Amino acid sequence: HSEVTYGIDRPIILGSMLGEVERDKLIHTGGAQEGDSIVLTKGIAIEGSALLARDCTDSLREAGVSAETIEKCSTLFTDPGISVLKDAQLACGVSEVHSMHDPTEGGLATGLREVAKASGLGLAVEEGSIPVFPECQTICRALGLDPLGLLASGALLITLPARDVPKLILTLETQGIAGWEIGQMLAQEEGLIMIGHEGEVLLPEFPRDELARYFTR
């Protein structure tokens with residue numbers, strides 16, 4: 001896994017992390033099934049918003065973003081945080097999870113595309129159901145960025161049978177984690193669709209994360 005980070009032009013830490021799991025409990029990004037519901041935890045874009053708030057404070061202030069909003073964004077690293085371990089453990093404990101993926105570089109839109117490609121499927125998501133943090137909306141609007149393509153670490157994508165969605169969302173909420181059903185996995189020939197205010201459009205594609213695009217433009 002690699003990332004582009006502002007201000008760093010050489011590797012700082014390189015490492016490997018290995019884990020073990022029983023074979024019948026292994027969940028792949030590419031395990032989504034046609035008809036699965038897509039659930040997203042927490043919201044977007046936690047890490048991208050926090051980094052922008054910490055590294056672009058002056059630019060945000062000049063664009064009219066309040067000090068309160070900047071401060072709120074800068075604390076997203078710890079509240080709600082960027083770990084998805086608890087989200088994943090809860091999901092696997094109460095539902096028949098078919099796939100999971102943590103959207104990172106390229107944002108939620110890229111994460112959704114990766115699940116679809118790995119699973120050999122299409123998908124449809126409802127733009128109005130995607131939980132975007134208000135502070136993220138504010139700073140993205142101020143800097144001319146799209147939240148859907150902004151570094152989204154902290155959220156978890158889960159695909160599972162529709163029947164299991166209510167129980168999953170309720171379980172997440174009892175543990176202080178918000179969850180939303182945002183779409184459905186489709187046959188591959190259906191394509192990658194986003195349903196918005198103007199009807200069906202192609203799911204946005206971001207060749208480069210919005211954070212990296214902002215820092216290099």
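**Helix packing, sheet architecture and backbone features**

The axes of helices α5 and α8 come within 10 Å and cross at roughly 140 degrees. The structure is a predicted model. Since angles over 145 degrees would count as roughly antiparallel, α5 and α8 are therefore classed as oblique to each other. The crossing by which α5 passes α8 is right-handed. On the α5 side the contact is formed by Asp 87, Leu 90, Ala 91 and Val 94, and on the α8 side by Lys 167, Leu 168, Thr 171 and Leu 172. Classified by residue type, this contact of α5 with α8 comprises five nonpolar, one polar and two charged residues.

Helix α1 contributes Ser 49, Ala 50, Ala 53 and Arg 54 to the contact, while α3 contributes Ile 70, Cys 73 and Ser 74. The contact of α1 with α3 contains four nonpolar residues, two polar residues and one charged residue.

The strands are considered next. Seven of them form an open sheet with mixed pairing, in the order β2-β4-β1-β5-β3-β6-β7. Strands β2 (99–101) and β7 (199–202) are the edge strands, each pairing on one side only. Averaged over the sheet, and with direction ignored, neighbouring strands are turned by 25 degrees against each other. At one end of the strand order, β6 (residues 192–196) and β7 run antiparallel and are joined by four bridges. Within this pairing, Met 194 has Val 201 of β7 as its bridge partner.

Helices also pack on the sheet. Helix α6 (residues 107–119) lies across β1 (37–41), β2, β3 (122–126), β4 (157–160), β5 (179–186), β6 and β7, and runs at about 35 degrees to β4. Helix α8 (residues 165–174) packs on the sheet as well, touching β1, β4 and β5, and its direction makes about 150 degrees with that of β5.

Four salt bridges are present in the structure. In one of them, the side chains of Arg 163 and Glu 96 meet at an N to O distance of 2.7 Å. This pair links distant parts of the chain, 67 residues apart: Arg 163 lies in the loop between β4 and α8, and Glu 96 in the loop between α5 (85–94) and β2.

Several backbone features were also identified. The peptide bond from Ile 44 to Ala 45 is cis, with omega near -5 degrees, and Ala 45 is placed in the loop between β1 and α1. The loop between β1 and α1 also holds Lys 42, a residue that adopts a positive phi of about 65 degrees although it is not a glycine. A further cis peptide bond runs from Asp 79 to Pro 80, with omega near 15 degrees. Pro 80 belongs to helix α4 (residues 77–81).

Terms used. Residues are numbered from 1 along each chain as its sequence is written. This is a predicted model: local features need pLDDT of at least 70, side-chain atom pairs count only at pLDDT 80 or more; totals for chains, interfaces and linings use all residues. Side-chain values use heavy atoms; hydrogens and water are left out. Contact means heavy atoms within 4.5 Å. Helices (H or I, at least four residues) and strands (E, at least two) are DSSP runs, numbered from the N terminus. Ala, Val, Leu, Ile, Met, Phe, Trp, Tyr, Cys and Pro count as nonpolar, Asp, Glu, Lys and Arg as charged, and the others, Gly among them, as polar. Two strands pair if DSSP finds at least two bridges between them. Axes are lines fitted to C-alpha atoms, for helices over the stretch in contact, and angles run from 0 to 180 degrees between N-to-C directions. Angles under 35 degrees count as roughly parallel, over 145 as roughly antiparallel, 65 to 115 as roughly perpendicular and the rest as oblique. A crossing is left-handed if the near helix is turned anticlockwise from the far one by less than a right angle, and right-handed if clockwise.
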